[in-house]
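Dear colleague,

Please find the structure and its sequence below. A short account of the findings follows them.

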Amino acid sequence: MLFPTITQDAQLIGELYNFVFVFAVLIFLLVEGLLIWTAYKYRRRAAGEAPVQVHGNNLAELTWTVLPGVLIAMIFGLTVDTMSKLTAAGSINNPIAHVHAIGDREAQARVERAQKVDLVVEVTGKQWFWAYDYTDYDGLGAFGLSSGVGDELVIPAGKNIRLDMTSDNVIHAWWVPSLGGMRYVNPGDRSYIWFNVPDTGKEQVFLGQCNVFCGKDHALMVAKVRVLPEVQFRAWYSATATARNQPPDFTKGDAARGKEIFTTGVCASCHTVAGTKAQGKVAPREMTTFASLPTIAQLPASDPKATINTQNLYAWLKNPAAVKPGTAMPNNKLSNRDAVDLVTYLLTLK
Amino acid sequence: MASIPVPVTRRGSALGGLIDILTTVDHKKIGLVYIVSSFIFFILSGLLALGIRTQLAVPNNTFLPPEAYNMVFTMHGTGMIFLFVIPILTGGFGNYLVPLQIGARDMAFPRMNAFSLWMFIFAAILIMTGVTLAVVGYTAQIPSLTQFSSSAAWTAYVPLSSKQFSPQIGMDLWVLGVIALGISSTLGAVNFLVTIYAMRAPGMTAWRMPMFTWSMTVTAAMILVATPVLTAAMIMLIADRQFGTQFFSTSNARLWQHMFWFYSHPAVYIMVVPAMGMLSEILPVFSRKPIFGPKVIILSTVAIGVLGFTTWAHHMFVSGISPEVERFFMFTTMVIAVPTGVKIFNWIATMWGGSLNFKTPLLMGFGFLSTFVVGGITGVVQGAIPLDAEVHNSYWVVAHFHYVLFGGSVFGIFGGLYYWMPKFTGKMLDEKLGKLHFWTMFVGFNLTFFPMHILGLMGMPRRIAVYPDGRGWEVSNLVATIGAFMIALSVLIFIINYLGLARRPKAPENPFEGNTLEWATDSPPAEYNFKKIPVVTSARPLWEARTGQKDIEH
Ligand code: HEC
Ligand code: HEM
Ligand SMILES: [Cu+2]
Ligand SMILES: [Cu+2]
């Protein structure tokens, strides 16, 4: 493998690869060697050559049927052996680590029993970024990183991590090569990745990319994993949780950040603002002059939640269905801070 | 230009020629229309490949915007597989050669044959017009035209290919096109099977059948089993898109993957088995030896045909099927390497001790063998589930399947074109240009695709429209792009060679000392193929006639 194999999974896979690679090179050299030798030795030297007519040789043919068979059996055996080691490590080939339908509680319980983990992150494949929901770490609370602009998966070193993955649109795949094998991230399913990045005492960064073609900006769907030593991670976690969960303070709204999220992040795949990168075609109305529109989401003006103002807009963004039951606008699980910045930005669209 | 030996019996005028093409039911003309038209689609899909490689030549390139890139790689894959390799091998070479090789006057169902051809042309027009409009749309900035092409990859995974995520009409055109191709292909398969079963010349027992005809038998059987499944999946997809039938609703999106790969894994054998058959014709002829172990070659082809149906889920190792099932498919995937390996050794043994006549067809044969083996090896590597989990959908896989499909099928196709061109046209392609073509293509091919193994192992996913700098992917990508332009140059050399045919003298009757029945008649053969239906007494009737010796029965 040409990437550093960091986790135990990646290492086991790397070892298997190196082993198989040796055989691959040997077979390659054997066949190419034979070809070159045949071409040289048996090239036609005189026009009238009449070689001996050999129609076959049972023994030779049996040999080159059986020998490759033995080789294949060996590779198969080794692979199964690696897989059982991976299973023991509770990872990709863990029989219970596979995908199951969302709502299959029994399967979910099996996954939970499979291995003790220190941190669970819910990962959602979006078009075209990864959203991370931290459910909890050591009682420090929950928060989400789902703005779609440069969010990183931050995790502690030396801890067992589990990613619970799903998608609310098309199929994606989670693949950070150095941390082990990939897994599809399917709509309607939950799939899992386990890993544990050894502590080096320093910050480590690993890059990966979505690995199932998922539409226009598939190429930009990068996964960046930042691994911090436990102490630093704890500090990061509580600081982020506090910042994200602060009660909304509209005097601190940052319209520039709101614009970035809206036009290049989570909202851009559905909404359009003329003259920006947001050219989504899902929402029924353009947002270019949103703040001058009569009401939110074409609600009747009689509805007290319909008027476009800070509070109403905030409520809409945090939970659209609570404002307009049955709306096609999803709950994007925005953190308080993201929502405040977005409201600030949206109100500038006159 | 008027004297280029295009594949038509002229009836005096260009119009007469056109009418002849449009109404013919002759297997040779149908075969040649297939060959010429699918070669045009090869050129178009190749131009799209140059678009891909130009965009990826350097990091952060903006030559193609992502929407355009996605369309281009989708249509490159679709075109190469559905409109080039499969039709040229089965519809083209198969149609032309099988009746001649078995000593028949035509296919069993000539009119159905013509129907298959025009179904194919119709489908190709449906798909290719969409691409052309979309390309115009992107270059001339007319957004309304860009919706005429699909951009959901040639695998069209749901839900990406659903109405919600691919609303454009191009997706529907693509699905309709593939349905039409499926019908064309399935009818063609029936035609081959009946022809080969019922119309062999007297004395042509199964074991005396030429290797290419054998490979077409297995291919047709595979098509017959596999293609209806794909066609059904496509009909279900279009019903989902147009009528909301919900066959592939989110909760069973994996059904699509199963149905798609149930066809598309065998499809790689559908694309390579006929090319293997051509190789099994070329190697003995150019070594002046019989094929080594004909029964083993035939049985391994049959084995590949059967085992080919047991491996499809290796495309789903990381999509979430149960581990027991995965292990089964890992086993079958590795096992299929055995009959393939056997073939390679039998081919080498065929040449061993021979008198190798290094004309272009044999060079192409060496190109096939030396590159295909790489694809075979990488196939076993990624058949191992844990390794697949690190290389699936990466550039490693792009390298793997081009080593199989380009290295195998395309080298095979060019070998076949050089070998049978005198049969098709009565004239021979130029040897010097042929050798130049081979070496440019061989070097270009390896420059393009070898570095992709490295890219994959460095973590570069396939189907990405841009990549950042600083990840070590720059050099390999640049080399691959240079190689791609070399391939383009080599194809240009071939075209020049072909256009030069007009000025070349009439070829000898059997210029390469072929041993099978297609060489026992005029070049190009008359409408009825043989004045008298030959009586076959061995696998190499023409060798017997030429040497006056009796060939051994196996
Ligand atoms: C999956 C698509 C989707 C995403 C992602 C999405 N929206 Fe929406 N949005 C909609 C739809 C559909 C509507 C129209 C809802 C209705 O009228 O019931 C809408 C309506 C709105 C409205 C009211 C617009 C109007 O016409 O009155 C606002 C404001 C809004 N969205 C903001 C956002 C913000 C901010 C984000 C990013 C955090 C976002 N949306 C992400 C689909 C989406
Ligand atoms: C002419 C030289 C060729 C070049 C330079 C070339 C290049 C490429 C490249 C770079 C890709 C990857 C695109 C991506 O993933 O973003 C690709 C995809 C593909 N190529 Fe080729 N290719 C060539 C010929 C062929 C041939 C002969 C076939 C034969 C069948 C073929 C079949 C495919 C298929 C099926 C895909 C996958 C498309 C998809 O992902 O949907 N290519 N090609
Ligand atoms: Cu993606
Ligand atoms: Cu396959």
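Predicted model: local features only at pLDDT ≥ 70, side-chain atom pairs only at ≥ 80, totals over all residues.

Residues are numbered from 1 along each chain as its sequence is written, while chains are lettered from A and ligands numbered from 1 in the order in which they are written.

Confidence in chain A

The pLDDT (the predictor's confidence in each residue, from 0 to 100) averages 89 in chain A, and 97% of the residues there score at least 70. Helices (H or I, at least four residues) and strands (E, at least two) are DSSP runs, numbered from the N terminus.

Ligand surroundings

A residue is near a molecule if its C-beta atom, placed from the backbone, lies within 6 Å of it. There are 24 residues around ligand 1, and A:Cys267, A:Cys270, A:Thr327, A:Ala328 and A:Met329 come nearest. This shell has 17 nonpolar, five polar and two charged residues. Here Ala, Val, Leu, Ile, Met, Phe, Trp, Tyr, Cys and Pro count as nonpolar, Asp, Glu, Lys and Arg as charged, and the others, Gly among them, as polar.

Around ligand 2 there are 24 residues, of which B:Ala49, B:Gly77, B:Met80, B:Arg462 and B:Ala484 come nearest. Two or more residues each are given to this shell by helices H2 (27-55), H3 (66-101), H14 (395-425) and H16 (474-499) of chain B. H3(B) gives the most, with seven residues. By class, the shell around ligand 2 has 14 nonpolar, seven polar and three charged residues.

Helix H11 of chain B

In H11(B), 14 of the 15 residues are buried, that is, 20 or more other C-beta atoms lie within 10 Å of their own, with C-beta atoms placed from the backbone. B:Gly353, which follows H11(B), has a positive phi near 80°.

Strands of chain A

Strands E2 (residues 119-126) and E3 (residues 129-136) of chain A run antiparallel and are joined by seven bridges; two strands pair if DSSP finds at least two bridges between them. E2(A) and E3(A) form a hairpin with two residues between them. A:Tyr134 in E3(A) is the bridge partner of A:Val121, and A:Phe143 in E4(A) is the bridge partner of A:Tyr134.

Yours sincerely

Terms used
Buried ≥ 20, exposed ≤ 12 C-beta atoms within 10 Å, placed from the backbone.
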